[in-house]
Amino acid sequence: MTLWIDVSDLFGHAGAFRRPSGIQRVIFELGRALTETSTPKIGFIRHSSRLTYAEVPWPDIVALFSSLSDDATPPTVTPTRPLRLQLEAFRALLAIPASLRPPRRTAAAPLQPDDTLLILGAGWSDSGQVARLARLRQQTGLRIALLVYDIIPLMRPEWTDPSNAARFQSWFDGMLGITDRLLAISAWTARDIAIHRRRLGLPEIHIPLVRLGDGFSHAPPQTEAHHGIDGAFALIVSTIELRKNHAFLLDLWQALLARHGPAAIPKLVFAGRPGPLSHDLMQRLEASANLRGHIILLPSASDAEIAALYQGCSFTVFLSLYEGWGLPVAESLCFGKPCIASSATSVPEVGGDLVQIIDPRDLDAAIFCLEALLNDPAGLAAWQNAILRDFRPTPWLHTADTLLAGLA
Amino acid sequence: MPRLWLDITGVGPGSDAAWLAASLGHALCDLTDVTVCERTPSLQPHPWDILASRCAPPPEPDLHIAPPAPLGLAQRLPAPTRAAIRRFAATQRAAIQAWSRLIRPTKPPASRSETDDQPGPVAGDTLLMLHPNGDAARFAAQGVRLVWIATDAGSFLRPDWQSPRDATDTAIWQDTTAPLVTLAVTWSPEDAIALNHLGFTTIALDAAAIPPDLAMMDSEPDCILALGEISEAGQTRHLLLAWRNLLDTTENLPKLVLAGPIGALADDVLAQLRNSRMFDGTVRLIAHPTPAEIHSLLATCRRAIAPSTAGWGRARWDALAAGRSCVTSLHDAIASPQLRSVPATRDWKNVAADLLEAFAQ
C-alpha cells in the first residue's frame with residue numbers, strides 16, 4: 001500500500017510565481033515529514049497529461065522548492081515571442097533540471113487499488129482536476145483523501161469574486177463526490193464542512209483534524225535583512241483584504257492616536273500586498289497619509305525581511321474576521337512574539353493560552369486591550385518570556401503522524 | 001442691503017446635503033434675501049430650481065441584481081433599455097416637480113432681479129457654504145462674512161473617511177480658509193465641541209426632518225430599515241458584518257433595507273452586496289431614496305436604525321417626524337438628553353430663524 005501525494009499544484013505554482021504561498025509550503029513540509037516516517041510507502045505524483053499521472057522523485061521536489069524559496073527566477077517559455085527570443089527561451093529550458101520541465105511521454109505512476117492519493121493543493125484553480133481524479137479512481141480503484149484548509153468562499157461569498165466562488169463551489173462539491181476521506185486543518189473548518197454537507201443533504205461523517213506544523217524549514221536566515229523601521233512597532237503579516245480586517249486596525253490605531261498622541265503609540269506595519277476588497281481601505285490610508293505616517297505599508301517584503309520584522313516588532317496583531325487556520329499567530333509564537341489575535345473562527349485554536357484573544361468587531365475591547373498592553377511594558381516582557389519558555393512548536397513529523405492516523 | 005448667499009458648491013446630487021440645502025434655503029428665503037450660488041468654476045448665481053434638481057438622485061449603482069418591486073417615485077432602474085430610461089427620466093422629473101411644489105417659498109425671492117445682476121458676494125454680504133470652497137478666502141478678503149454649514153463635520157474630522165482627493169481639499173481648506181470662517185454651524189453638540197477645539201466658533205442647531213410629499217407608496221413591511229449614507233463613515237461595512245453574523249445565528253430574519261445615498265468609500269461594500277447576491281436576498285439597497293420613500297419605509301418598518309457617525313443627523317429627524325423611534329450610533333446627537341425635548345414637528349422655518357438669530361449675535 002502506498003500513500004501518493006499529488007504535487008501537481010506545486011509545479012503549477014512554480015510555473016507562474018516566484019515565491020511559494022502557504023499551501024505550497026504545507027505541501028513541501030508535509031511531504032518531507034512523510035518521507036521520514038517508516039510506514040507506509042510514500043510516493044509523489046503530478047498529472048502529466050489530461051489522463052495520466054507520473055511519479056516524481058522527492059529530490060526533484062526539493063530542488064524545485066529550494067529554487068522558489070531562494071527567490072530564484074524560474075525560466076519560462078513564451079511561445080509567442082520572436083524566433084530569437086524563442087531560441088533563448090529554449091536554451092534556458094535546456095539549462096534547468098529535467099524535473100522542472102513539463103513532463104513528456106512519462107510512464108504512468110504504478111497506482112494500485114489499495115493505494116491512497118492525498119490531495120493537498122489548491123485544486124479549485126485546476127478546472128480539470130475533479131474529472132481527472134474521478135477517472136483515475138474509477139480506473140485504479142485507489143482511495144482519494146482531501147485535506148481541506150477552509151471553505152470560506154462557500155461560507156462568506158461576499159468576500160470572494162462571484163466567478164471564483166462559483167469555481168470553488170464546483171470544485172469542492174465535485175470533490176465531495178469522489179473523496180473517500182476528508183481531513184481538516186482545524187475544528188472550525190471541519191465544522192464548516194459539516195454545515196455545507198448538511199446543506200447538500202449529505203450524511204454526517206467524522207472529519208479527522210490535522211494540526212499543521214509550526215514554522216517552515218526553508219525559512220531564510222533571520223539575520224540577513226533589516227526592517228529599517230525606527231522606534232517600536234506592531235506587526236501584521238497578511239494579505240491586505242477586507243476579511244483580514246485591516247480596516248479595524250486602522251480604526252483602532254486612529255482611536256489610540258486620538259487618545260494618547262503619536263509619541264505614545266507604536267507604529268503599525270502592514271506586511272502584505274493589497275488583495276481583494278482592499279480598495280476602500282487603501283483610499284482611507286492615502287487620504288489620512290497612512291495616519292500621518294503611523295501605519296507603514298510593506299507590500300513586497302521578502303521572507304528574510306518578514307523574519308526581521310517579526311524579530312524587531314514589539315508584538316503582533318491578527319484580528320481576522322474569518323480563517324481556516326491562522327498561520328500568522330503560529331509564526332508570531334515561533335519568533336517568540338506576543339500576539340493579539342482574533343476570537344473569530346479557527347484563530348483561537350492556534351495559539352492556546354499564549355496569545356491574547358479579542359473580538360475583532362469590538363473596538364472598545366481592542367482599545368482597552370492595547371492600552372493595557374502599552375501601559376505595562378513589564379507585563380509585555382513577561383508575556384514574551386512566557387512564550388519563549390512555554391511555546392512548543394508543533395513538529396511537522398507530528399502533523400504527518402496525525403495525518404496518517406486520520407487516513408487509517 | 002447685505003444679502004445671504006447659499007453656496008452649494010460640492011453638494012452632490014441626491015445627497016443629504018442637497019436635501020438640507022433645499023429645505024434650509026427655501027426656509028431662509030421666506031425670512032431674508034437669499035441667492036443660491038455655485039462655483040462653476042467661478043461663483044455663479046443659480047436659479048432656484050437648482051435646489052430641487054440637485055435633490056434628484058443620480059443613476060443607481062449597477063449591482064447586476066434583479067431589481068426589486070418598484071417603490072414609488074424614484075423607481076429603481078432595471079436593465080438599461082431605452083424605454084426604461086425614458087420611464088426613469090419621467091419619474092425623475094415627477095419627483096423634482098413634486099418636490100418643487102412642496103418646498104416652494106411662500107413668497108418669491110424679492111431681490112432675485114437684483115442678484116441676477118450681481119456676480120457674487122460683496123462686502124457686508126454673508127456666504128453660507130455647505131462644502132469647502134476655494135473662493136472663500138478671496139471673498140473673506142473682500143469683507144464677506146463666511147459661515148460654514150457643516151453638514152458633515154464628522155467626515156471633516158476624519159480624513160480617512162473621505163476619498164484621498166476630498167481629504168486633500170479639506171486639509172487645504174482647513175489650513176487656508178478655516179481661520180477666516182466667522183461662524184460654523186453643526187447639527188450635533190459633539191461635532192460643535194470638536195470643531196471648537198480646531199479653532200472654529202461653532203454653534204449647534206437642531207435640524208428638522210425632510211418633509212415627505214403626500215403620496216404613500218408600496219413599501220417593505222416589517223423590515224429593519226437602515227437609514228443613512230452607504231459609506232465608510234455611514235458604518236455600512238460594520239452593519240453588513242453584523243448582519244452576516246445574524247444570518248448565521250438567527251432564523252427568519254426580517255429583510256434589511258439600506259436606504260441612503262451612496263457616499264465615499266463604498267466600493268467594497270457594494271462589491272460585497274454584489275458578490276453575495278445581496279446576502280442571500282435578505283438585504284435590499286435603495287440608493288438615494290426620496291423623502292417620500294423614506295417616509296413610506298418608516299411607516300411600515302419593524303425598526304429603524306441609523307448607524308452612521310457622520311452627516312447632519314437627518315435619519316433621526318425623519319424617524320421622529322414619522323413617529324418612529326430610531327436606534328442611532330452613540331456619536332449621533334440623539335443620545336444627548338436635551339435633544340429629546342425638541343418637538344418632532346420642528347420645521348425648517350424654525351431652523352432658519354435660529355440661524356439668523358445666531359448671525360445677529
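Helices here are DSSP runs of H or I with at least four residues, and strands are E runs of at least two, numbered from the N terminus.

I noted the ground rules. This is a predicted model, where local features need pLDDT of at least 70 and side-chain atom pairs pLDDT 80 or more, while totals for chains, interfaces and linings use all residues. Residues are numbered from 1 along each chain, chains are lettered from A in the order written, and side-chain values use heavy atoms, without hydrogens and water.

**Chain A overall**

I found 17 helices and 12 strands in chain A. Of its 408 residues, 53% count as buried.

**Where the chains meet**

Next I checked the interface. Chain B gives 25 residues to the contact and chain A gives 27 (heavy atoms within 4.5 Å). The buried area is about 2100 Å², with 53% from carbon and sulfur atoms (accessible area lost on being put together, 1.4 Å probe, summed over both parts).

How many salt bridges link chain B and chain A? I have five (a side-chain nitrogen of Lys or Arg within 4 Å of a carboxyl oxygen of Asp or Glu). One salt bridge joins Glu158(A) and Arg244(B), at 2.7 Å from N to O. On chain B's side, helices H7 (164-176), H9 (236-249) and H10 (267-275) each supply at least two residues.

**Three loop residues**

Ser288(A) sits in the loop between helix H10 (279-287) and helix H11 (289-293) of chain A. Ser288(A) is buried, at 8% relative accessible area. I traced its side chain to the backbone oxygen of Arg284(A), 3.0 Å away.

Then I turned to backbone angles. Most residues other than glycine have a negative phi. Asn245(A) has a positive phi, near 70°. I placed Asn245(A) in the loop between strand S7 (233-237) and helix H9 (246-260) of chain A. Is Asn245(A) buried or exposed? Asn245(A) counts as buried, because its relative accessibility is 2%.

Gln235(B) also has a positive phi, about 65°, and is not a glycine. I located Gln235(B) in the loop between strand S8 (224-227) and H9 of chain B.

Note on methods
Buried means under 20% relative accessible area, exposed over 50%, partly exposed in between (1.4 Å probe, protein chains only). A polar contact is a pair of N or O atoms within 3.5 Å; within protein, one must be able to donate a hydrogen and the other to accept it, and residues adjacent in sequence count only if both atoms are side-chain atoms. Buried area is the accessible area (1.4 Å probe) that two parts lose on being put together, summed over both.
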